[in-house]
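Okay, thanks for coming, everyone.

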Amino acid sequence: MHNDLDKKLRIERTLNEAKIMIHLRSQGLPVPAVLDVDIGNGIIVMEWIDGDLLRDRLLRSVSSRENVSIYRDIFYFVGETLGKIHDLGYYHGDPTVSNFIVDTTNRIWLIDFGLAGYSRDPEEWAVDLHLLFRSIETLIHEEVEKLKESIIKGYAESMKSFNYKRVLELVEDIRLRGRYIEKRRKIKTVW
Ligand SMILES: Nc1ncnc2c1ncn2[C@@H]1O[C@H](COP(=O)(O)OP(=O)(O)OP(=O)(O)O)[C@@H](O)[C@H]1O
Ligand SMILES: [Mg+2]
């Protein structure tokens, strides 16, 4: 029984991930091409992207004291990619800088669709943006606002089916809720 359920879940998850990747790729998004799917074993064989994780690139720049504003173009494309995905009604679920690859020609690619889904609920889109912003803020401390600005510019350009400003308001709500919870936690520890 347990095994059956496990297998069913694995099949569902693998199918979900592969279907979303294939659909987004067919719409011209920078997602690795799916080459083969072994549903029973939960394996997706995909195109190999030769490059570095965006996180690793950023970390390298930070440690060599390089000005991170050189990432503004890259972050514009990151925002544009996420906006296009949301515009099609999908959310990624974990679009942090660890799930973007910058290839050898400086093009960005989005990977890891294990938590992705289809939803027209803007809250899901706001969570994506929130996770992306947080992943940058925890890595770098300078120029963060400029990089976020580039993301928002790209996002605004590609998110056509819904008012992107409304999504940004929801991002702010999520952020405030997070702060509120943190504050409550601190109060609790003091008590
Ligand atoms: N198409 C690809 N081309 C090149 N490298 C890839 C590709 N897909 C994944 N990787 C590499 O494998 C790592 C893990 O892949 P992925 O993010 O999809 O899985 P994960 O479940 O997040 O695993 P992890 O817990 O290691 O982050 C990525 O961080 C990246 O380095
Ligand atoms: Mg990952």
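Before the first helix pair, a word on geometry: axes here are lines fitted to C-alpha atoms, for helices over the stretch in contact, and angles run from 0 to 180 degrees between N-to-C directions. Helices (H or I, at least four residues) and strands (E, at least two) are DSSP runs, numbered from the N terminus.

Bear in mind that this is a predicted model: local features need pLDDT of at least 70, side-chain atom pairs count only at pLDDT 80 or more, and totals for chains, interfaces and linings use all residues. Residues are numbered from 1 along each chain as its sequence is written, while chains are lettered from A and ligands numbered from 1 in the order in which they are written.

Take α4, residues 122-137, and α5, residues 144-158: their axes come within 10 Å and cross at roughly 150°. That makes α4 roughly antiparallel to α5 (under 35 degrees counts as roughly parallel, over 145 as roughly antiparallel, 65 to 115 as roughly perpendicular, and the rest as oblique).

Who makes the contact? On α4 you've got Leu132, Phe133, Ile136 and Glu137, and on α5 Val144, Leu147, Lys148 and Ile151. (Contact means C-beta atoms, placed from the backbone, within 7 Å.) By class, the contact of α4 with α5 has 6 nonpolar residues, no polar ones and 2 charged. For the classes, Ala, Val, Leu, Ile, Met, Phe, Trp, Tyr, Cys and Pro count as nonpolar, Asp, Glu, Lys and Arg as charged, and the others, Gly among them, as polar.

Now look at α5 from the α3 side. The axes of α3 (residues 72-87) and α5 come within 6 Å and cross at roughly 40°, and the two are therefore oblique to each other. This crossing of α3 and α5 is right-handed. The contact includes Phe75 and Leu82 of α3 and Ile151 and Tyr155 of α5, and its classes come out as 9 nonpolar, 5 polar and 7 charged.

On to the strands. Pairing means DSSP finds at least two bridges between two strands. There's an open sheet of 3 strands, in the order β3-β5-β6, with antiparallel pairing. Its edge strands are β3 and β6, each pairing on one side only, and the twist averages 30° from one strand to the next. Leucine 53 stands opposite isoleucine 101 in β5, and isoleucine 101 stands opposite tryptophan 109 in β6. Helix α2, residues 54-63, packs on the sheet, touching β3, β5 and β6, with its direction at about 80° to that of β3. Helix α3 packs on the sheet as well, touching β5 and β6, at about 35° to the direction of β6.

The hairpin of β5 and β6 has 4 residues between the strands, and asparagine 106 there takes a positive phi near 70°. β1 and β2 also form a hairpin with 4 residues between them, where glycine 42 in the turn has a positive phi of about 65°.

Last stop, ligand 1. Among the residues surrounding it are Trp48, Leu53, Ile101 and Asp112, where a residue is near a molecule if its C-beta atom, placed from the backbone, lies within 6 Å of it. By class, that shell has 7 nonpolar, 2 polar and 2 charged residues.

Notes
Contact = placed C-beta atoms within 7 Å. Left-handed = near helix turned anticlockwise from the far one by under 90°.
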